[in-house]
Amino acid sequence: MEASASTVLALPGPHDRFAMRKQHTHLSDEALVALVARGDEPALAELYDRVGRVAFGLAFRVLRDERHAEDAVQEAFLAVWRTAASFRAERAKASTWILTLVHRRAVDLVRREERRRAEPLADEPALEGATEATEEAAWLRFERERVQSALKQLPDVQREAIELAYYGGFSQSELAERLGVPLGTIKSRMFAGLARLRELLDDSAEERSWKPEFTN
Amino acid sequence: MEAGIHQLTAGYALDALDPEERREYEAHLSTCAHCQDELASFWKTTEALAVAASGPEPSSELRERILEEVRAEPPQVVVPFEPRRRRAVPVLAAAAAIAAVVALGVGVWASDLSSQLDETRVALDRERATARVLVDPGARSVSLQAGEGRLVVNQQGEAVLVLHGIDPAPTGKTYEMWIVPDGDITSANRAGLFSGRVGSEIERLDGTVGVGDVVAVTIETAGGVDAPTTAPIIASDPV
């Protein structure tokens, strides 16, 4: 392949061979992060293919704006790319790490956006593609129902604290003000609620892996 | 008080701590095995909340944007082989060291997520600028009269110093870069600080370099000084 002077430094186009490559589907998420730490782009692409949809759904739920949600996901994946070597698989799963980065970024962004304060708990966005027949869509539906049913079993004040914090991006002191209760009350509601939710989800989870293996 | 800070683990896992408490908690987290375990387990719960949030699908452009951005990073800059441009290759090979070093420098993610993200952004901006100079076809390479490495300057005068065999600066000291018009050290302009690392050092200079200027590096008190107080240990040929 001959490169003309003008293309020597050009980045590959969207349809170059890299975009088509899929060679890591058999690896665990954690192995992919290890590869990313060595500068392996297809490994990052594969991680995105596995976690990107959930990551975007999460960022969108918090930010309620596609553009901002994409920014949050993009920044989080760049952080993954840059800091993969500091990831410690013994502390957490790779998907947990990535989603934690996405959430942190989304919350940082939403706290700068005053307009979202209006109605943070408007109806949850409808699960698009709810009729999708893919295994991934089915699994997402299943997880969503499982978590929602666990949330429903929490006392209202605990569920409210958790949902406003995690999906609404409200800090504890903002919640105390919004709900007109002492900060200490918010802290203990959040702790008791999350501990109870953990228990409920542990009980209902037979499968510990975060996602089934999809065939490519 | 102790019970109080342990209780913050839930707020931290939900990203609901206020900035000051977040910092306090992270400091506590680094020394509290109980909270580390608790956090790891709460993070599984918040991951379930994340999965349950899933709504619309991202656009297909998002994937492409992420991968493009990653390709633009220094180690991933694509330079198809072309013999005429071989001169540029050693510089690019040295650039490959950047990302790895930054990733290592960021530290353990669990105790410092926010700064991980912030440092990533700052490093990204800087390194994009650095990469731009290094891969600029119009950039030229200026050799050093003292020290090992080279200075790369593009036509806009943006410059990157590539150094080999630099030891980390001693405690309390920093390396400071200078742009020295016409080689007159008394009129040196500050061009940035770096602390030195084992292996190759690649530093983007603040300011622009003009014809006849010399780029020099001195060792100064940490924080830097306004004018060189020591003799340069590194100096380029005049640009």
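Where in chain B is the place of Asp182(B)? Asp182(B) sits in the loop that runs between β4 (173-180) and β5 (189-194) of chain B. The model is a predicted one, and in it Asp182(B) has a positive phi of about 55° although it is not a glycine. Asp182(B) is exposed, because 11 other C-beta atoms lie within 10 Å and the cut-off for an exposed residue is 12 or fewer.

Arg64(A) is not a glycine either, yet its phi is positive, at about 55°. Arg64(A) is found in the loop between α3 and α4 of chain A. Is Arg64(A) buried or exposed? Arg64(A) is buried, because 21 other C-beta atoms lie within 10 Å and a residue counts as buried at 20 or more.

The strands of chain B come next. Chain B has 239 residues, of which 41% count as buried, and its secondary structure consists of seven helices and eight strands. Among the contacts in chain B with a separation of 6 or more, 60% join residues 24 or more positions apart.

Strand β2 of chain B, residues 149-153, is mostly covered, with five of its five residues buried. In a regular strand, side chains alternate between the two faces of the sheet. In β2(B), Gly149(B), Leu151(B) and Val153(B) point one way, while Arg150(B) and Val152(B) point the other way, and all are buried.

Strand β1 of chain B (residues 140-146) pairs with β2(B) in the antiparallel sense, over four bridges. Opposite Arg150(B) of β2(B) stands Ser143(B). The hairpin of β1(B) and β2(B) has two residues between the strands, and in this hairpin Gly147(B) takes a positive phi near 100°. Strand β3 of chain B (residues 159-163) also pairs with β2(B) in the antiparallel sense, here over five bridges. Val160(B) in β3(B) is the bridge partner of Val152(B). Between β2(B) and β3(B) the hairpin has five residues, and Gly157(B) in its turn has a positive phi of about 85°.

Which residues touch the most other members of the largest nonpolar core? This core has 82 residues, and the ones in question are Ala55(A), Ala59(A), Val80(A), Ile98(A) and Val102(A). Helix α3 of chain A (residues 41-63) gives the most to this core, with 14 residues. Leaving aside residues up to four places away in sequence, Ile98(A) touches Leu47(A), Val51(A), Ala55(A), Ala76(A) and Val80(A). Another core, of 30 residues, lies apart from the largest one; Val162(B), Trp178(B), Val180(B) and Ile234(B) are among its members.

Helix α4 of chain B covers residues 60-71. Its 12 residues reach 17 Å from the first C-alpha to the last, close to the 16 Å expected at 1.5 Å a residue. Leu62(B), Ile66(B), Leu67(B) and Val70(B) are the buried residues of α4(B). Seen down the axis of α4(B), these buried residues fall within an arc of 125°, so they line one face of the helix. An α-helix has 3.6 residues a turn, so residues three or four places apart point the same way. On the other side of α4(B), Ser60(B) and Glu61(B) are exposed. What covers the buried residues of α4(B) includes α3 and α4 (66-83) of chain A.

Asp29(A), Leu32(A), Val33(A), Val36(A) and Ala37(A) are buried in α2(A). These buried residues line one face of the helix, because they fall within an arc of 145° when seen down the axis of α2(A). After α2(A) comes Gly39(A), which has a positive phi, near 85°.

A further residue of chain A, Arg146(A), lies in helix α6 (residues 135-152). Arg146(A) counts as partly exposed because it has 17 C-beta neighbours inside 10 Å. In sequence, Arg146(A) and Leu200(A) are 54 residues apart, and in space they are 9.5 Å apart, C-alpha to C-alpha.

Notes
Residues are numbered from 1 along each chain as its sequence is written. Chains are lettered from A and ligands numbered from 1 in the order in which they are written. This is a predicted model: local features need pLDDT of at least 70, side-chain atom pairs count only at pLDDT 80 or more; totals for chains, interfaces and linings use all residues. Two residues are in contact if their C-beta atoms, placed from the backbone, lie within 7 Å. A nonpolar core is a set of buried Ala, Val, Leu, Ile, Met, Phe, Trp, Tyr and Cys residues joined through C-beta atoms within 7 Å. Two strands pair if DSSP finds at least two bridges between them. The arc is that of the directions from the helix axis to the C-beta atoms. The expected span of a helix is 1.5 Å times one less than its number of residues.
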